[in-house]
Amino acid sequence: MKRYEVFLKKDGRDEYRHAGSLDAPDDELALVLARESYLRRAEADRLWLVDREHLVVGNTDFVAPNADKPHRHNDGERIAERRKRLREAQKYTGEDAS
Amino acid sequence: MTGPWNADIREFVLAFADDEHLMGQQHTEWIGVAPFLEEDLAFSSIGQDELGHAATLYAIVAGEGDPNREGGIDDRRLDALAFDPDPSRWRSAHLVEATTDDWAHALVRHWLYDTAEQLRWELVAESTLEPLAGAAARAEREEWFHRRHADGLLDVLLPAPGAGDRLRAALTDLLPLAVGLFDPVAGEVQAVASGVTIAPFDSRMPEWADRVRARFDGDLSSIDLSPSDRATPTGRTTRSNAFGPLLSRMREVLDLDPAAIW
C-alpha cells in the first residue's frame, strides 16, 4: 500500500486545499478510492493526488529558527499607535498636530 | 404516455429492479468490514448506486410505466416492492441472492455482475419505455466507474500469489450462478416484441463470456458459458436457499414491529 495526500479544488478562484490522505495500492486505485472517500458529495471539481514518497519535507528543526523574529511581522501595530497618539493630541488642542 | 406497459413488461422491469436491489444490498453489507477503510467506503458507495438504480426501476413498476405519475411515486409503494415478504413475487437471479463470506467472492461477483449489467443497460438504452431509456443513460454515468473500480482491484490482485488463487477459486464457485443472470423472465419475449428491449439478454452472453475469459485468463472449459445448451433456465421464478436469510436481514427493522407506519 502507498499513502497519498489528497488535494481538492472547486472551480473558480479558490486554491487547491489539502483534504486528507488515503491508502491505495497504486495510482489508478488511488484515483478510484479518492473519488469515493472524498468526493461522494460533490465536494470539488478537481483532484490532485500526491504520493507521500514524492513530498519534499522540511523538518521542524529546519523550519523553527524563524519563529523568534517579531521584527519581520509587519502587522501595522506601531503605525496605528502613532496615528492614535496624534489624533488625540489634535482633539485636545484643536490644532493640526501632524 | 411514456411507452408500452402490461403484466409482461412489468415482469421484465421487476427482474432488473430486484437484481439491482439485491446486488446493492449485498455490497452495502461490507460497510465496516471491507479489507481497508478506503475500500469499505468505495464498495458500499457503489452498492448505494445500485440501490439508486433499483429505486428508479421500482418507481417505473409502481407507476405502471410512468415514475412521475401523480407527481411522483410514494416511497411506501417502492418499499412494498423492495421489501416484499413473499418470495414468490421476487424475480432476482441466484447470483445476487448468494451469501459471500469472503472478500474474494464479493469482488469477483462485483466484476461479473457489473460486466453483465453494462450489456443489460445497453439493450434498453433506446427503449420504447422512455423512463427505462432514461434510467439506462443515468446508470451508465455511474457504471463506468464501478467497472474501473473492479478492474483496478483485479489488476493488482490477480497477479499476486495468494490473492490470485483465491479469486480464481471464487470465480469457479460463482460462474454457474452468474450465467443464471441471463435467464429470461417470462415477460422478456413481450418486452422484445414491443421494443422495451432490443434483444433477449442471453443474446449478449457470448460477449460476456469473452470478457470473462479475457479478464481471468484461465481455463473456463468446465463451465458452460453457451446460451443455448446450458441447464434449464429457472425463469427466475424460484428462489435460492440464500434468499430467505437475505430477505430477513433486509426486513429486520420492518419486522420488529409489523404494525408500525413508516
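I count two residues as in contact if their C-beta atoms, placed from the backbone, lie within 7 Å. With that rule I looked at chain B: among its contacts between residues at least 6 apart in sequence, 74% join residues at least 24 apart.

A note on the source. The model is predicted, so local features need pLDDT of at least 70 and side-chain atom pairs count only at pLDDT 80 or more, while totals for chains, interfaces and linings use all residues. Residues are numbered from 1 along each chain as its sequence is written, and chains are lettered from A and ligands numbered from 1 in the order in which they are written.

Next, the elements of chain B. I found 11 helices and 0 strands in chain B (DSSP runs numbered from the N terminus: helices are H or I, at least four residues; strands are E, at least two). The radius of gyration of chain B, over C-alpha atoms, is 18 Å, close to the 18 Å of the globule rule for 262 residues, so chain B is as compact as a globular protein of that length. That rule is 2.2 Å times the number of residues to the power 0.38. The C-alpha atoms of chain B fill a box of roughly 55 × 45 × 35 Å along the principal axes.

Then I turned to the interface. I see 12 residues of chain A in contact with 11 residues of chain B. On the chain A side, strand 2 (17-24) and helix 1 (27-38) each give two or more residues. Helix 1 of chain A gives the most, with 6 residues.
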